[in-house]
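Have a look at the model first, then read on.

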Amino acid sequence: MSKYHIEYLPTKNNLKTIAVNGFLLHSKYDPIQESKRIVEKEYEPNFVHVVFGYGLGYIIDELKKKINKKENLIVIDPLYKEFIDVAINEEDNFTFVEEIKSEAIESAIIASLKNFSVKLKIICSPNYDKVLQEGYLQVLETIKKIQKLNQVAENTTRKFAFDWQENYIQNLLQTYKNHSLVELKQRYNYPVVIVSGGPSLKKQIPLLKNIKDNIIMIASGSTINSLLHYDIEPDYIVSIDGGNANYNHFKEIGDIKSNLIFGFSSHYKIQEEFPNTKYALLDAGDSDFKKYIMGKFDIDVPLIAGGGSVANFAFTVACYMTKGPIALIGQDLAYTDNKTHAEGNKHLFIIDETYKKRRGMFEVKGYYNDDVLTDYAFLTMKNDFERLNKQIEHPSPIFNCTEGGAKIEGMDQLPFAEFCNLFIRKENIKQSIDSQPKPIDFNVFVSKMQDELVIYNKIITELQVALAKLQRNKSNSVFDKDILKELDRVDKSIKKNKSKTAMNHIFDPITMDVLGNYEPMPNESSLETFTRVFNQNNELYSRLLEAFEFSKDYVLNVIKNTNKLM
């Protein structure tokens with residue numbers, strides 16, 4: 001028996017409305033006029049609209065008349081089957097979510113948002129928040145979480161775009177000199193323990209010391225300092241982060257036996273100074289850059305799925321390297337005991353109320369089904385672990401053995417001692433894998449980078465031409481035809497030539513701003529359209545020019561650094 005009491009009622013203008021548990025979902029006088037008023041009040045141009053409650057579709061029909069083909073509409077309604085027996089037809093920019101499940105809602109919204117946008121407009125149909133009170137609060141919480149996570153991702157991208165570009169170019173030399181992670185694909189059958197630097201790591205140290213010769217140990221970034229604090233050297237260290245803070249974690253490391261696995265975003269000086277064998281990987285989103293490296297240097301660098309932290313990459317690297325079981329330790333994703341890191345980490349400190357407020361902290365379900373304190377940066381990493389664990393098909397079991405912190409949903413939990421008892425055998429002393437030295441011809445590398453400089457110079461000239469042409473436009477309301485033709489030629493030339501360069505994430509903030517800040521407004525005049533498009537193109541060419549000039553300098557620096565090695 002349904003928990004909803006549903007009544008179908010006629011309206012004053014001979015339409016229908018519905019009452020659910022005594023709450024009207026549409027006006028009993030004129031539901032169409034009511035819907036028009038709601039849409040007129042709530043519609044936001046260039047936003048993704050999320051409507052909670054379909055009802056009989058009056059609001060949706062009016063909203064569809066208002067939005068354009070580039071604007072996305074998402075409707076969430078678990079009730080519609082109670083009073084509508086036909087399927088809702090989805091369209092290119094219209095998605096219908098039948099259940100109030102965070103995963104389904106997140107999937108629909110994330111697919112609709114571009115370039116880390118937070119432009120979401122929630123519209124609650126009349127009385128749906130009363131009929132489905134808990135569901136509505138869950139939808140609001142999900143939307144808030146997505147906006148916060150996108151803001152974190154956007155801030156990170158803006159902060160590191162130029163650093164990443166410099167690292168990508170400098171790490172071309174490091175990859176040319178060293179090795180690709182391809183060499184370690186499924187090379188091990190041993191158990192792998194991924195060590196992260198959460199506060200819970202301390203409790204696992206005695207057992208980790210006892211078994212270190214019988215496992216492959218992978219340290220996540222700065223966790224290396226916590227391990228060295230306890231006189232433990234991992235087999236591999238994964239480095240992804242590109243800022244000076246990450247470099248500072250590594251620059252004082254002395255003579256150790258560990259090998260390094262580095263992403264192209266990793267601060268290049270880490271790779272320059274690290275004494276042992278090094279293996280390169282690429283982020284899964286870098287498929288074009290992978291083609292570039294293969295085409296220019298004939299080096300196959302694998303695409304490795306990752307996320308918001310180096311630990312996410314370490315997890316995928318472990319799955320890539322071994323067929324054996326995998327354990328995560330020290331992966332708190334929370335401020336266990338009000339600590340930020342494990343003992344030995346240079347950034348360890350005890351958090352206070354001011355820090356909690358500044359970080360916007362909140363509680364999530366913990367490893368022991370308790371409530372633990374986390375923030376949106378940690379939540380991004382947690383979500384990424386859950387996504388990766390679903391995506392990866394691994395022949396052996398994977399366990400979260402942290403015994404503290406936030407719960408990683410979908411990942412089996414097991415005390416670390418039990419993992420060791422089940423999978424680690426003292427007689428199985430691991431065998432090291434030695435990668436053979438590769439022949440290096442620095443003259444070839446320099447020659448190829450000098451060829452690239454020619455392309456940078458060509459593109460820089462084209463951008464200067466485009467900016468000059470824009471300024472010479474005679475009219476203040478329309479573009480001259482010959483200028484439009486020249487700008488089109490420049491655009492095609494840049495698109496063709498930039499794929500031959502190492503240009504990469506430096507474009508991301510430009511794309512976010514040029515696409516996001518110049519959306520057409522409803523009923524804009526021809527003069528407003530001209531001004532908007534002129535400013536958009538001017539910003540595009542100006543910022544591309546800056547990006548290519550910086551990248552050219554990075555190439556000159558890598559050539560200079562290579563010449564020192566000859």
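Helix α4 (residues 102-112) packs against helix α6 (residues 133-177) at an angle of about 45°, and their axes are 10 Å apart. The crossing of α4 and α6 is right-handed, meaning that the near helix is turned clockwise from the far one by less than a right angle. Axes here are lines fitted to C-alpha atoms over the stretch in contact, with angles from 0 to 180 degrees between N-to-C directions. Helices are DSSP runs (H or I, at least four residues), numbered from the N terminus.

This is a predicted model, in which local features need pLDDT of at least 70 and side-chain atom pairs count only at pLDDT 80 or more, while totals for chains, interfaces and linings use all residues. Residues are numbered from 1 along each chain as its sequence is written, and side-chain values use heavy atoms, leaving out hydrogens and water.

α6 also meets α16, and the axes of this pair come within 11 Å and cross at roughly 155°. The two helices are therefore roughly antiparallel to each other, and α6 passes α16 in a right-handed crossing. The table shows who touches whom, with contact meaning heavy atoms within 4.5 Å.

| α4 and α6 | α4: Ser102, Ile105, Glu106, Ile109, Ile110 | α6: Gln138, Val139, Thr142, Ile143, Lys145, Ile146 |

By class, the contact of α6 with α16 has nine nonpolar, no polar and one charged residues.

The largest nonpolar core has 59 residues, and Leu172, Phe264, Phe289, Ile293 and Phe548 have the most contacts inside it. Such a core is a set of buried Ala, Val, Leu, Ile, Met, Phe, Trp, Tyr and Cys residues joined through side-chain atoms within 4.5 Å. Helix α16 (residues 442-471) gives the most to this core, with 13 residues. Leaving aside residues up to four places away in sequence, Phe289 touches Tyr168, Leu172, Phe264, Leu282, Ala502 and Asn504.

Finally, where is histidine 229 placed? Its place is in helix α8 (residues 223-229). At 48% relative accessibility, histidine 229 counts as partly exposed, the class between buried (under 20% relative accessible area) and exposed (over 50%), using a 1.4 Å probe and protein chains only.

Technical notes
Parallel < 35°, antiparallel > 145°, perpendicular 65-115°, else oblique. Nonpolar A, V, L, I, M, F, W, Y, C, P; charged D, E, K, R; others polar.
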